[in-house]
Amino acid sequence: MTDTVALEKRRITYDDGTVRAFVFASVAWGLIGLLVGLLAALQLSFWQLNFDTPWLTFSRIRPLHTNAVIFALVGNMMFAGVYHSSQRLLKSRMASDLLSKIHLWSWQLVILGAAITLPLGITQSKEYAELEWFLDLLVVVSWVAFAVNFFWTLKIRNERNLYVAIWFYIATILTIAVLYIVNNLALPVTGTKSYGIFAGAQDALTQWWYGHNAVAFFLTTPILGIMYYYLPKAADRPVYSYRLSIIHFWALVFIYIWAGPHHLLYTALPDWAQSLGMLFSLMLWAPSWGGMLNGLLTLRGAWHKVRTDPVLKFFVAGVTFYGMSTFEGPLLSIKSVSALGHYTDWIIGHVHGGALGWNGFMAAGMFYWLVPRLFGTKLHSTGAADFHFWIGTFGILMYVVAMWVGGVTQGLMWRELNPDGSLVYPQWVEIIAQVKLMYMARTIGGGMYVLGWVLMIWNLWKTVASGKAVDGEAEVTVYKPAAGGPSTARLVFGAPTIMTVLGLGACYMMADSGNVVLAIVGVVVLLVIVAASGFMLAAAAKNRFQWHDVTESRPLAFTLLVVLAVVAGGVVELLPGIVMNREVPVAASGKLAVMPYTPLQLEGRDVYVSEGCYVCHSQMIRPFYEEYARYGAPSDIHESAWDHPFQWGSKRTGPDLARIGSYLETGQPKYNELWHYKHMTDPRSVSADSNMPGYPWLETTKVDLDDTPGKLQAMQALGVPYTDEQIGSALDDYRKEADGVLAKLREQAGPDDLAWDSELVALIAYLQRLGNNELVTRTAAAGGK
Amino acid sequence: MTEVTNDSGYADELRDHQFDGIQEFDNRLPNWWLWTFYGACIFSLFYWLHFHVLGTGALPMENFENEKAAWAEIQAASAIDTTELLAMSKDPTTVEEGKAIFTGAGTCFTCHGMDGSGMLGGAPALGPNLTDNNWIHGGSAASIYTTISKGVAEKGMPPWGPVLGAERISKVAAFVLSIRGTNVEGGKEPQGEPYSGD
């Protein structure tokens, strides 16, 4: 190339201390995360294991499990891999040891904070974004330290080009920053409580834009980067295809971001957004498999090594599980498949195939390769690592198969109708009883996996004990980029960007005009652009992707291109929702068809959020006749207009609650206050075979009424139409409504010593309110675009 | 570029870069992979045109409303009459079937007891005794059927109609009619108005 490379040589020492610390953190926190998962699995079979203890209850510890596995196990593993491989790929020590330390320790503090606050019920109730505002701030500090350190290291690198692993790391760092900040925008109400700025459908879309892409850019892209470094290293083979790296990298980062709405199929979200989510998920299948192919095909000529090397065994199985998950994902995104699988345990199986198979096995493979090298020794026992591999693999398969069977069983039982249109399985507990065996099988599979992890800890421990910490060293040629070359602007706004923008414009013309002639013109223009792009790509392939090769030597240009690719989908999908007028229609009575919650209901809702009811109960009825028969009319987009945050949920371990307070078309609650009282304090007293945990402490825990007016004020600031008078009389209104609930309880021969300001009274008031709006139904006219 | 032959005999082109010892081939993309991608894109184009531009495909709410209308037609065709209910309550098979639903997981017995006496495990349950002659919402066959089917929300009695369907509601009603006035021993104290009729 044309760069003038100085011939100055320098000996550098890598910062491997940080890598060792992250490995240790991942392994140790990982064990805790897995054990909490095991407990949660057991609680679904044996409700007694909730121990009637708030901080041990399923709905509070299940978020702890997911957060621990994602942010502690995978997070720390990813950082270990990024710090270790980046230094070597960039031929430079990390730019700042101080930033490395800040990143390391602030991240552990976040995890410790999560481990304390989530069991205490301090949560935003948005999946994988449960951490409250004060921990979010710490996450941002930690991530910024990481980002600055990483990009600074790019700047001072001693290698002309950025290797494909680094591309994936860049995408990870930038995208997670954008996702995390936007999704967690919130207004703090107290030291431990905030209301998100988005509500209802808008919040749902933002949350699943985040949730889906947390999977993409936290659990996938960094691990692909890690695969691109450690797999060819362990196999000692060249990577299969450079051009496949280019194509699947850009396709992946561009397409992934659009796919979020596939978590919201058949909800009240506008149909156009749902269809985008489904179609982009389908288009994502091949780019995802590109990563798997490049990994597996790299092993051509090295398959004999897989037989003897546990590291390669883990990588091969990990990459294969990745392929399985990224096939299953698009499959589940097809609307009619989602209709069956959504809300069931199938989804639980799907995520565990990815988390245990892809993330967990890539982690294990990397640790077995890395730890001996970080301690200048050999792996203590290859046999034990092999055993870990086999017991882990069987564990995952058992887990996943059990959840497939259980999930499909649930889905089929929910929808089965008698010849007269009534439900064949009207009772929820009948369905739970059918999957109990699968729950046990899952627990055993998960237990085997944990056993493998424990064995790994022992093996790594013995390995560490047999060596001592050594930091890698290398002699590097100092790299000075030559002046000249194309400007950053020219690289960023080159042909690929222009063609993409034109293509998106044509898509918009085709998709959104609502005019058939314009749509046809859009299709034609799109085809022309695609054909032109095809010719340009072919030409690029002929000259060995010169253009891309140059961009790889320009971190700023490369980074800006990643930003453009990632932001496109987010803007198209989120912007209409964010600027959308959330005008709730006015009912015949002259009042808003959906009224804001009363102070008592609002406090009850906060109890619902804090206890994690959304973990097992959805509030979103889909437009299927069987759901209509079971729960009532399909949920309408306006019904959650004042919900900061939304509570649509994603899993039905228990039934949907969207209309629990206004059952079917009766306008009356499904159950009376006494039923709810009994059900909360002892679920088995009204539903003998229920596996729901009891929440007896709600009876004695008091709502902190000092915060109530402030909560209404915060809601008002976020656009919920509370008047100043309502805020002024909040406490009086609260008392009056609570006394009404107590009076009903007494009338129903219920308890007469329940405190009016107990959490249980507020929760009952909230539940009886659900679905009680003057607007009850979503219509076909309101749906499509 | 260097041409090398690897262990498995492929002639691959090795790029001249290497990163920390990692080299890269520049193999062509597999055709089946490319066509998977193209196929998904082409499908998406047609899907969008079908559902969102031409409007030739029915969206979920439209499907739901059609489905709902179809079921309403079927249900309108089947109504219940008192004579038939009373006859059913005399038929042992029907009564047995009704009892099985009554005592099935999570249904009637949780509030009315296994035998309908309003007692569950020796303690008074939520609901009234169904074996005495007193009725809160009417003791006629038609009233009992309606109470089961529509529920009484303010008392916590859920509407079972949409849950169980007409046929099973009739069987449960037949069972309740069969135990009406049998005054099971140790039952809950009577509530509501005495009923004599049917």
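Helix α16 (residues 495-512) of chain A packs against helix α17 (residues 516-542) of chain A at an angle of about 160 degrees, and their axes are 7 Å apart. The model is predicted: local features need pLDDT of at least 70, side-chain atom pairs count only at pLDDT 80 or more, and totals for chains, interfaces and linings use all residues. Residues are numbered from 1 along each chain as its sequence is written, while chains are lettered from A and ligands numbered from 1 in the order in which they are written.

**Helix pair α16 and α17 of chain A**

- The angle makes α16(A) roughly antiparallel to α17(A) (angles under 35 degrees count as roughly parallel, over 145 as roughly antiparallel, 65 to 115 as roughly perpendicular and the rest as oblique).
- Axes are lines fitted to C-alpha atoms, for helices over the stretch in contact, and angles run from 0 to 180 degrees between N-to-C directions.
- The crossing of α16(A) and α17(A) is left-handed, meaning that the near helix is turned anticlockwise from the far one by less than a right angle; clockwise would be right-handed.
- Residues of α16(A) in the contact include M499(A), L502(A) and G503(A), and those of α17(A) include G522(A), L526(A) and I529(A) (two residues are in contact if their C-beta atoms, placed from the backbone, lie within 7 Å).
- By class, this contact of α16(A) with α17(A) has 16 nonpolar, three polar and no charged residues (Ala, Val, Leu, Ile, Met, Phe, Trp, Tyr, Cys and Pro count as nonpolar, Asp, Glu, Lys and Arg as charged, and the others, Gly among them, as polar).

**Helix pair α6 and α19 of chain A**

- The axes of α6(A) and helix α19 (residues 555-579) of chain A come within 9 Å and cross at roughly 160 degrees, so α6(A) and α19(A) are roughly antiparallel to each other.
- The crossing of α6(A) and α19(A) is left-handed.
- On α6(A), the residues A201(A), Q202(A), L205(A), T206(A) and W209(A) meet G570(A), E573(A), L574(A), G577(A) and I578(A) of α19(A).
- The contact of α6(A) with α19(A) divides into five nonpolar, four polar and one charged residue.

**Chain A and its domains**

- Chain A has 27 helices and four strands (DSSP runs numbered from the N terminus: helices are H or I of at least four residues, strands E of at least two).
- The C-alpha atoms of chain A fill a box of roughly 90 × 70 × 55 Å along the principal axes.
- Chain A has domain 1 (9-467), domain 2 (488-579) and domain 3 (599-783), with bounds from an automatic or database domain assignment.
- The C-alpha centres of domain 1 and domain 2 of chain A lie 29 Å apart.
- Domain 1 of chain A gives 23 residues to the contact and domain 2 of chain A gives 20 residues.
- On the domain 1 side, the elements giving two or more residues are α5 (164-183), α6 (200-235), α7 (242-256) and α8 (271-298) of chain A.

**Backbone details**

- Most residues other than glycine have a negative phi, and most peptide bonds are trans.
- The peptide bond from H644(A) to P645(A) is cis, with omega near -5 degrees, and P645(A) is in the loop between α21 (625-631) and α22 (673-681) of chain A.
- A749(A), not a glycine, has a positive phi of about 60 degrees.

**Chain B against chain A**

- The contact takes 61 residues from chain B and 73 residues from chain A.
- The largest share of the chain B side, 13 residues, comes from α1(B).
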